[in-house]
Amino acid sequence: MRKFTFRLEKVLEYRRLEEGWAKDAYRQAQAARMEGDAALARIGERRVTLLAQPVLSLPERRELESMLERLDGEEDVQRSVLAELMDEEAKAYTDWIERKQDLQAMEKLRARAHEEWLQQANRKEQEALDEWSVLRRAA
C-alpha cells in the first residue's frame, strides 16, 4: 500500500512558517515594549537621583527645576512611545494567535485525513485477508 500523503501538505508547511513569523514578530514587539518600560524606569531613577542631591543655592535650585522639567518632557514622550509599543505588541499577539489557530486547524485536517487513510488501509488489508481465507478454504 502506498504511504500516506496529505494533499494540503504545502499549505500546512506555509501555515507553520506564518505562525513562526508571527511568533517572532510578537517576541520582537514584546522586547521593544520591555525596552520602553526600562527607558521609562531609567527616567524615574534619574529623577530620584536628582531629588536626592542637596540644593544649597538659588542657581542650583533653578538648574534642578530645569532638569526636572526636561525629565517631565522626556517622560511624556516616553509614555506616548510606550503606548504605541503596547498597541503594536497587542496587534502582534492577536496576529500570532490567529496564525496559531489557522495552523491548528490545518493540523486537525491532516490528523483526520491520516485517520481516514489508516481506516481505509485496514479495510483493504481485511478484504485481502478475507479473500485469502476464502481461496484457502476452496482449495
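R33 is buried in this predicted model, with a relative accessible area of 16%. Because burial is assigned under 20% relative accessible area, the value of 16% places R33 in the buried class. The residue belongs to helix 1. Leaving aside residues up to four places away in sequence, R33 is in contact with L82, L85, M86 and E89.

One of these contacts also involves charge. The side chains of R33 and E89 form a salt bridge, with an N to O distance of 2.6 Å. This pair joins distant parts of the chain, since R33 sits in helix 1 and E89 in helix 2, 56 residues apart. E89 is buried as well, at a relative accessible area of 11%.

## Overall form of the chain

The chain contains two helices and zero strands. Helix 1 covers residues 9-52, and helix 2 covers residues 58-138. Along the principal axes, the C-alpha atoms fill a box of roughly 120 × 20 × 15 Å. The radius of gyration of the chain is 32 Å, whereas a compact globule of 139 residues would have one near 14 Å.

Buried residues account for 20% of the 139 residues. The chain exposes about 10900 Å², of which carbon and sulfur atoms supply 53%. When contacts between residues at least 6 apart in sequence are considered, 84% of them join residues at least 24 apart.

## Salt bridges

How many salt bridges does a search of the whole structure find? The search finds 12.

| Pair | N to O distance | Relative accessible area |
|---|---|---|
| E9 and R110 | 3.2 Å | E9 26%, R110 29% |
| R99 and D102 | 3.8 Å | R99 25%, D102 29% |

E9 and R110 form a salt bridge in which the closest N and O atoms are 3.2 Å apart. This pair also links distant parts of the chain, with E9 in helix 1 and R110 in helix 2, 101 residues apart. E9 is partly exposed, at 26%, and R110 is likewise partly exposed, at 29%.

The pair R99 and D102 lies within one helix. Its closest N and O atoms are 3.8 Å apart. Because R99 and D102 are three residues apart in helix 2, about one helical turn separates them. R99 counts as partly exposed at 25% relative accessibility, and D102 is partly exposed at 29%.

Salt bridges also join residues into a network, which links R47, D72, E75 and R79.

## Nonpolar core and surface patch

Which residues make up the largest nonpolar core? This core consists of six residues: F4, F6, L12, L103, M106 and W117. Helix 2 gives the most to the core, with three residues. Residues up to four places away in sequence not being counted, M106 touches F6, L8, V11, L12 and R15.

Is Q78 buried or exposed? Q78 is buried, because its relative accessible area of 15% is under the 20% limit. This residue is found in helix 2. Its contacts, again without residues up to four places away in sequence, are G36, A39, L40 and I43.

G20 is found in helix 1. With a relative accessible area of 22%, G20 is partly exposed. The C-alpha atoms of G20 and W96 are 8.3 Å apart in space, although the two residues are 76 apart in sequence.

How values were computed
Residues are numbered from 1 along each chain as its sequence is written. This is a predicted model: local features need pLDDT of at least 70, side-chain atom pairs count only at pLDDT 80 or more; totals for chains, interfaces and linings use all residues. Side-chain values use heavy atoms; hydrogens and water are left out. A nonpolar core is a set of buried Ala, Val, Leu, Ile, Met, Phe, Trp, Tyr and Cys residues joined through side-chain atoms within 4.5 Å. Buried means under 20% relative accessible area, exposed over 50%, partly exposed in between (1.4 Å probe, protein chains only). Helices (H or I, at least four residues) and strands (E, at least two) are DSSP runs, numbered from the N terminus. Contact means heavy atoms within 4.5 Å. The radius of gyration is taken over C-alpha atoms; the globule rule is 2.2 Å times the number of residues to the power 0.38. Accessible areas come from the Shrake-Rupley method with a 1.4 Å probe; for residues, only the protein chains shown count as cover. A salt bridge is a side-chain nitrogen of Lys or Arg within 4 Å of a carboxyl oxygen of Asp or Glu.
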